[in-house]
Amino acid sequence: MSKKAIKTLSAPNPVGPYSQAMAVGPFLFCSGQIAIDPKTNEVKASAPVQEQAKLVMENIKAVLSANSMNFSHVVKTTIYLADMNDFAAVNDVYGSYMVEPYPARSTVAVKTLPKNVTVEVEVTAYKE
């Protein structure tokens with residue numbers, strides 16, 4: 001099975017030595033996305049958590065699209081929160097993008113996130 005790096009200008013450039021996503025067979029393993037505006041490369045760390053979550057989900061949408069996928073192909077997500085009190089607000093935004101059957105999901109509170117954002121989301125997608 002071959003692997004292929006996925007890159008799109010519609011999502012932020014990686015801030016380190018990693019790919020936006022890796023396609024391996026029918027799977028797409030997406031790196032965590034944070035609230036970076038891909039048009040300006042501006043980190044939106046001071047934006048309200050709902051705004052950050054929406055930008056994160058839009059960035060994920062762009063990466064999925066670059067591999068001819070969408071949220072219906074997502075099978076697993078992990079949400080990282082700097083503050084678990086933001087769970088409900090992020091869950092509302094997240095839920096507006098996901099479709100049934102909903103993917104498996106983990107949500108983890110962490111001490112800090114890259115660039116001091118408040119939310120990061122990574123997904124794994126599958127397409128037959």
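In the predicted model, the chain carries 12 positive and 11 negative side chains. The centres of these two sets of charges are separated by 8 Å.

The chain contains eight strands and two helices. Read from the N terminus, the order of the elements is β-β-β-β-β-α-β-α-β-β. The radius of gyration is 14 Å, close to the 14 Å given by the globule rule for 128 residues, so the chain is as compact as a globular protein of that length. Along the principal axes, the C-alpha atoms occupy a box of roughly 40 × 30 × 20 Å. Buried residues make up 42% of the 128 residues of the chain. Among contacts with a separation of 6 or more, 67% are formed by residues 24 or more positions apart.

The buried residues of α1 include Val49, Leu55, Val56, Met57, Ile60, Val63 and Leu64. Ala53 and Ala62 are also buried, as are Gln52 and Asn59. Just after this helix, serine 68 adopts a positive phi of about 55°.

Methods: Residues are numbered from 1 along each chain as its sequence is written. This is a predicted model: local features need pLDDT of at least 70, side-chain atom pairs count only at pLDDT 80 or more; totals for chains, interfaces and linings use all residues. Side-chain values use heavy atoms; hydrogens and water are left out. Helices (H or I, at least four residues) and strands (E, at least two) are DSSP runs, numbered from the N terminus. The radius of gyration is taken over C-alpha atoms; the globule rule is 2.2 Å times the number of residues to the power 0.38. Buried means under 20% relative accessible area, exposed over 50%, partly exposed in between (1.4 Å probe, protein chains only). Contact means heavy atoms within 4.5 Å. Lys and Arg count as positive and Asp and Glu as negative; His and the chain ends are not counted. The place of a charge is taken as NZ of Lys, CZ of Arg, CG of Asp or CD of Glu.
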